[in-house]
Each structure stands twice: as structure tokens, then as C-alpha cells.
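Dear colleague,

Please read them with the model open beside you.

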Amino acid sequence: MAAITLLVNGKRHTVEVEPSTPLLYVLRNDLDLTGPRFGCGLGQCGACTVLIGGEAVRSCVRPVSQAANVEITTLEGLSKDGVLHPIQQAWLDEQVPACGFCQNGQMLTAKALLDKTPNPTDAQIREGMRRTLCRCMTYYRINAAVKLAAKRMA
Amino acid sequence: MAPHSGDVENARLRAFGASARRVARRDFLRASGLMVASVAAISVEGVEAFLQRPAAAGPYPDPDFLQLDSWIVIRPDNTATFFVGKTDLGQGTGTAFRQIMADELDIDFAKTSCVMGSTDVTVDQGGSGGSDALQTDGYPMRRVAAEARRVLLEMASTHFGVPVTALAVSDGVVSTKTGDSADRGITYGELIGGKKFNVTLTGKNTDTTTGRAPLKAVQEMKNVGKSPRRDDIPAKVDGTQRWAVDMKVPGMLHARNVRPPMVGATLKAIDESSVKAVPGFVKVVSKGNYVAVVCEREEQAIRAARELKVEWTPPATKPFPPSEDLFTYMRATAPSSSSAPTVTGDVDTAILGAATTLQAQYDIPFQGHTAFGPAHALADPSNGQLTIYSNDMKSYGLRNGVARFLNIPREMVRVVWMQGPQAYGRTAAEDAGFEAAFLAHELQRPVRLQWSRQEETAWDTKGPAYAISMRGALDAQGQVVALDFDARAADHNHVGYNEHDTVLIAQLTGQRKAEPARGRASFPSDKYAIPARRLRGSVVPLPLAWETPVRMGNLRDPDGPQVTFASESFIDELAAAAKADPVAFRLGLLERGTGDDAGHKRVRSIACLKAAAQKFGWTPRPAPGPVPTADVVTGRGVAYSYRSETVAVEMVEVEVNRRTGRVWVKRIVCAHDCGLVINPEALTRTLEGGLLHSVSRALYEEARFDDTKMLSVDWVSSPTLTHADVPESIEIVQVNGDPNPNRPDLPHYGAGETVCKPMLAAVANAVFDATGVRMRRLPFTPARVLAALKA
């Protein structure tokens, strides 16, 4: 066990855990931030995505010790002052989620994509999003929502 | 006594109807035990006025479906909550129920909410299944809402001292039609005044429950046909949604299963010392061949499951043939059962005398649910009862099954239904629910169990594999004169929903039933007029029936995609042999029909086919198209089917890369007739998802195994459709092909599963159109397409 300091959504937390514990379980079980979800534990599906330094990171395979003292953003931290982020608003306006279980990863992956590529081509969206899976197959609406968000954020 | 945390969850369900699937953080914290609730905290939120049933401390008797109060609560502030025994898996049925019930009740849609699927607060409507939410359950919901309106109007009649016929109601406010200024409107909330209805309904079961009030004519329904946004989406977008997987209660432990490394193995020994040193280790629980580890923290349980040393004795016989040899095996193995053939005319004679005969075999592998979030449940025995937090779509069945499995009174058990990863049938959520209940019962502590990805992909139930043989014949004019369908389904020991003697833990602990279910082979659903037709089906067993990951359960339809792949591919082969346009060929087969057209399915099929062709811009010509020369070639395909009363015609445009073998479904047009549409936008999105799920099944999905274990165990070894495959366009045409589309009782049929049926054949037909090559073995992976192109 070790004391590890995490900076999540602008707040500082200190947790006592095994340093090798994947960040996902600390966020969900110690900090009660359940936006990131367990989908595979293998870094294959994207359900557990968080933003670290602007990168979309798979928290199920990132040891908590490697996430200390860096700014982490979870889905809960995406809106500001009760106002949805334009990506969230686009997801709402396109009525994207079905079951919704994967949408944390979809929205945060889209955030990282649009931060780097504000006006992505269709090919860039396909490439940027293709490692984030959805089994309800909402991809068609996700594609539309990414484009809508890009337009609004321009 | 401080209420059990589950009581607060229960109270929350009652008090915060609309937010039952949109739990406010504060309430969840109470429910989860992170903030200790008190009785006072409940009362200040005014819950007691709406409590319908005894305190949630348990036991948990069934809500009485013959009491109006079990279905509808109207509060003094003129808001209404509907309690329905269905579960919304992300198709928007909850929103649709609000629409139809608000219409019958005559209350503002915005002032309604819907509580779904928790066994102690909603009547048992069976949860979800069969796409029947609106087709079957929508009607009792409408009837009870209409009855509530009738009773409220009687109260208003007394209040105003005028007959009911002299009253008008709008958005939950009743006034006199004369508009006398002294008779200001009175709200439903004021009329019922925080009391119960105390109205007894009639009916044998929840499907037939009714009051005395008639239903409204469709033309009088204001919310039906409009598209209010789904009420479950905001919380799924802003991060406040609490899922079954997020549920926490005080003192909760974490568990993980340990499955045998080779299928059919017998447990020999467990070396508990191998995990004693894992921090937070609590216990190894084993019974028969079921093994689980329990720890204080989740990551500890994962580690202990990985490190536990278990000795297994390999099975004496191989559990199954390798999946690559499956279809050879299925065709060579004696069936364990056969269904009675359906025969019209004399198929053999018609084939003998035909101008052209054709035969083909189609192979459809096992395909899994492969839920995006592995199976999970939390079971809490800490109030002397047993509460299970689960996303199982059949929460009532889970409750009953667990009670039987543990041999405890069912009134002791309740299932709190919460949102979860996609569930389109008999998923492993049921197995996890039983396992969590078993562990909690053993330890007498709350246990949260979650399967691993490998466990989910390997051990969830599979849609049965099919080996289908077809023969057909054309006369000299190119008309179909005979069709012979013969299906073999690997469906022996098909498990039902929440059966206490077939769930995985019942099998592994030796509590399974003696005789496996027979399973079945299904037949295609179409309205083609073919003079001689024979449909035969049989079931072939795999060598190992029990304790195997190749276990069959309902997966979205559940046999339609398989049999329709064969039947609608073969119709296309017949059309090609007749050198006929595939749409015109199908239209001819439908229009030749003269028999009884119950439910107008034949005329609605014709309407859908025409609507799809128009939207697609389908110009008649036979398939295949011109001989391909380019690397990337384009083709189009059509397929059609129905499920129950709902009809779907699908057309696709595909690109086939002849160099890489990649198939891309570039454009989809779907014409869909499910009768009266309640929420067109939600329906459109549901259909889009269903269509793409079937594209995924056409191109990617197969549960693969060698002769001892599953090879499909994660997203690398078991790939699925991704963003890279998104079509350029999906166009849904909502058809109303009813011969009298304006009738006041136009029925609302089911949606969700029908679209899953035609797509596999539509893609195969488009690949044929593009390349001239017929794909008869699913899925159409690049390797399989390349091999077919070279053959």
C-alpha cells in the first residue's frame, strides 16, 4: 500500500492503495467517479477512458502510480458550471446512446480527437474513433455527433 | 431503526420516478450507503404519501396488478408516475410508455415519469423480451391509464356537481365545458388529494388487466407519433447515470469466478494458500465445479482469481468439434430431435418436373451476445432478506429463479433493476445474478460479482449455429414452383431464462436438471406464394451438453438472422437463375399470394418492398452486375422478412475490395412497418442499431473454439464492427402499409428485432451482385471473401 495523490476534475485526492492497482478501480471505488467503466480490463474497448494531459487514456491498464500528480479528467469533469460540454450537447442532440455503457469512452475519445483535430475529415473520425467499441452499434449517430460538435466548437 | 440502504433505494424508486434511471448523486450516495440515510430524510421528501406497499424492509410481496394504485401514482403537484414491469434496454420504451399513458390519462407528458422493472414496486410484466413492450404490454398500460382518467373524472363530477359528460380535461386539469368562471379548473392532483385510487381492476394476468374505461382512438392521442427526447439519455451523457455495475452498499465484498481452463474439467483440488497472502483476501468459495474468490477490494479479487492454484481433471471426451469443423460435424451427426415438417404441395415431384433446379448449403456459426460490459450483479442479504441489483432484462424471472435455486421464499427476494450494458436476450447477466446471490447467501454479506472480459466472451450464451440445406425449382417461365428448406440447428440444451436448474452455477454445482431441453430449428418468415414448399428442421447435439461455454440461449430474434440468411440468400439465387431483378422477383412471389392475409402482412410486405425500392432508387436488372475489373467493386442487395406482425425490407450497397477481401456496407435503406409508431426518432435509432448489429454478425462475429476450449475470448480474438465500418448513410422509411391506415384502433406492434433478420442475406446478395461470388458461410471475413473470389 502507498499514499498516492490524484488530481481529478480539478480536485486533489489522496488514496491508500497498491501502486499497481489500475487507475479505473481507484476512480470508481475510492473516488466514486463511475463515468469510466470496466469493459475488458485489457485496453481493447475504451469503456474506461479518461483524459490525462489531453490524451485519451485507458484507465483499466494504467497503474494508479503512473497517474499521480497529473491532471485527470473523467466524464464527470467534462461539463463546466452545470453547462454541458459541446460534445455532450451534441450527444444529447443526436440522441446517441442506446444502452449508453460505452458512451463515456466515445465522448472522451471524441474530445481528445477534436482537441487535436478541430475539423476532422470523415476518414479522421473513423480512424480516431475506431478503437472505441459500441455493441449497441450507435456508431452512425456517434459519427454525426462528432461532426456536429466539431462544427459548434469551431 | 435506520432503514436498510436498499430501502432508500426503494423509496427513491417511488419518489423520484423520472429519475429512477437518472439518479441524482445525492440520492445515490444515500442509496449506496456512502451517506447514511434516516427515516427523517425520507419523510421530508414526501415519500410516504406515495408509498403503495408495505415498507421495503421486506418481505417483498408481489405488487397487485389488479389494483390501479400499483400502476399509477398521481401526486398533489399534479405529476404522475407510471409503474411498469418492463425494462428499457436503451430503445426508449420507457419514454414511449409515458407517451401512450399520458395520452390515455390526459396529462402533460412533461409531468410524467416512469419506474421500471424492480420486482417489489412494479407489477410483473415479465421484464423485456420478444420485442413485445408495445405490442403486448402497451395495451394494459393504456387501459389502466384510461381507467385512472375515468375515475378522476368521476371525482370531478362530484366536485363540480355536474355529470361527467359536462366535463372537459386538458393536461390534467378538469373543468366544466360551460366554462362558468366560478368553476375554475381542478387538477388531478387536487382531486385525488394525496390519497390512493383504491380501484380494483379485472383481468387474468398483466396482459389482460383492464378497468372499465375504453381506449382512446389513435386520432385523439396527442403524444403518439411525436418524438420527445428519451428520458434516459441526459444522465448517460452527463455522467450522473448510476448503473447496476456502480451500485455499492456498506460492507460490500468483491468476487470473481474461476472457470475451468479446459471445458468439461472436474475440480480436483484447490490450494487456498496460494491466495492467502493477497491483501484483502476473504474466502475461496467452491461447490462442485464452481469456484469463486472473494476479497475486500475489486482489484484484489481480480488478482486472487488469477493467482488461485486449482487442479482440474480433464474430461474423458472432447466437448465439441473445433469450430472450423462444426458444419461437417452437424451434417454428419444424428439429430437428437426433429420438428414436424410444414408441407404445402408435393416438393419432390415439382422439383423432378422443373425446368431449372438449384440447391445450396448455408452455414451460420455460433454467435455470442458478447455484452460490452461483462456480466455483473450485487446481492445484499444484510437485512435478512435478499436484494439483487441487476441489469437483467427479466428481473422478475431472476427473482423467482434465485428463490428456487437457494430454496428460500420468493417474498424474501427482490431484484432492483438498473441500467446495464446491452442485453438482447438471455445474457450472462442472469448467470451472474444467481452467482452473486449464491455467494451473498453463503457469506451472509453483500457481494458484488463481475465476470472478466474473457469469461463474458467465452461463457455467455450463444445463438445456435445452423447448417441449412435448400433446394428450389423454377418452371420454364422462371417462376418458383418448389422450395425445400431443411435446417439443422446446434440447439440441443437451449437454456431458458433464469431457470434455477440450467443457469451456469446450477450446472457447475451439480444442481442441474436431468434432461436437456430439446431446442429447435426455426423456419423462415415470409409471405411468398410458392406452390410446393417443405420446411424441415432438426436439432443436433454437441458431445458435451452441460458445463460448456457453447451453450445456447436466445440472442436477438433468436433464430431469425440464421434462417433468413439462408432463405433470402436462396431466393436471390433463384432470382439470378431466372435472370430476374431481385426486387421484381420477390414482388412477384408476394403478389401471387391469394390466401388469407391475417394482419395484412402480405400487403404490408409489398408496401415495404416498394417503399424501400423507391428510397434506394432501385433500377431493375438481374444480379450480378457487370463482370468486375477494378480492385474495389460495388454491388447492391435486398432481403426481407417479418417477425410477429412487424415487416422489414432491407437494401444495402456494399463495396468489396477484391485485393484485401474487405466488405464495407456503404449504404443501408430499411423500410419498416410496425404499425402505429409511438416515437419515430427513438424507433429510427433503435432500428439503426439493430441493422448495424446484424452487419457486425455478417462481417465479423463467430464464437470460435478448438476441441478443448474457446478461442474467442476478447475483442482481439472476437472482433466486432467498429467506427471504421460506419455506413455513409442509413435511411429508415417508416411505412404504414395497413390497408386502412386511418383506423382508430391501428395497433402498435413490436420493433427492435425484426430488422436483425434480413441483413445477413442482404449483404451476401450485395457481395454477389458486386463480384458474382456467392457467400454461403458466415461471417464474411476478408480471408473468407478472398478465398471465395479465388475459388
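**Domains of chain A**

Within chain A, 13 residues of domain 1 are in contact with 13 residues of domain 2, where two residues count as in contact if their C-beta atoms, placed from the backbone, lie within 7 Å. Please bear in mind that this is a predicted model, in which local features need pLDDT of at least 70 and side-chain atom pairs count only at pLDDT 80 or more, whereas totals for chains, interfaces and linings use all residues. Residues are numbered from 1 along each chain as its sequence is written, and chains are lettered from A and ligands numbered from 1 in the order in which they are written.

Domain 1 of chain A covers 2–77 and domain 2 of chain A covers 86–153, with bounds that come from an automatic or database domain assignment. The centres of these two domains of chain A, taken over C-alpha atoms, are separated by 21 Å. On the side of domain 1 of chain A that touches domain 2 of chain A, β3 (49–52) and β4 (55–58) of chain A each supply at least two residues, and the largest share, three residues, comes from β3(A). Helices (H or I, at least four residues) and strands (E, at least two) are DSSP runs, numbered from the N terminus. That side of domain 1 of chain A is made up of seven nonpolar, four polar and two charged residues; here Ala, Val, Leu, Ile, Met, Phe, Trp, Tyr, Cys and Pro count as nonpolar, Asp, Glu, Lys and Arg as charged, and the others, Gly among them, as polar.

**Where chain A meets chain B**

The contact between the chains takes 45 residues from chain A and 48 residues from chain B. On the chain B side, the elements that give two or more residues are α7 (233–238), α8 (298–307) and α18 (680–699) of chain B, and α18(B) gives the most, with seven residues. By class, this side of chain B has 18 nonpolar, 16 polar and 14 charged residues.

One residue to look at is Arg130(A), which lies in the loop between α4 (122–129) and α5 (139–153) of chain A. Leaving aside residues up to four places away in sequence, Arg130(A) touches Thr722(B), His723(B) and Ala724(B). Arg130(A) is partly exposed, because 15 other C-beta atoms lie within 10 Å; a residue is buried if 20 or more other C-beta atoms lie within 10 Å of its own, exposed if 12 or fewer, and partly exposed in between, with C-beta atoms placed from the backbone.

**Chain B**

Chain B has 20 helices and 26 strands. Its C-alpha trace spans about 80 × 80 × 45 Å along the principal axes of chain B, and 58% of the 791 residues of chain B count as buried.

The largest nonpolar core holds 276 residues, of which Val293(B), Ala436(B), Ala612(B), Val763(B) and Val767(B) touch the most other members; such a core is a set of buried Ala, Val, Leu, Ile, Met, Phe, Trp, Tyr and Cys residues joined through C-beta atoms within 7 Å. Helix α5 (residues 133–160) of chain B gives the most to this core, with 12 residues. Val767(B), not counting residues up to four places away in sequence, touches Gly635(B), Val654(B), Val656(B), Val663(B), Val773(B), Met775(B) and Phe780(B).

With best wishes
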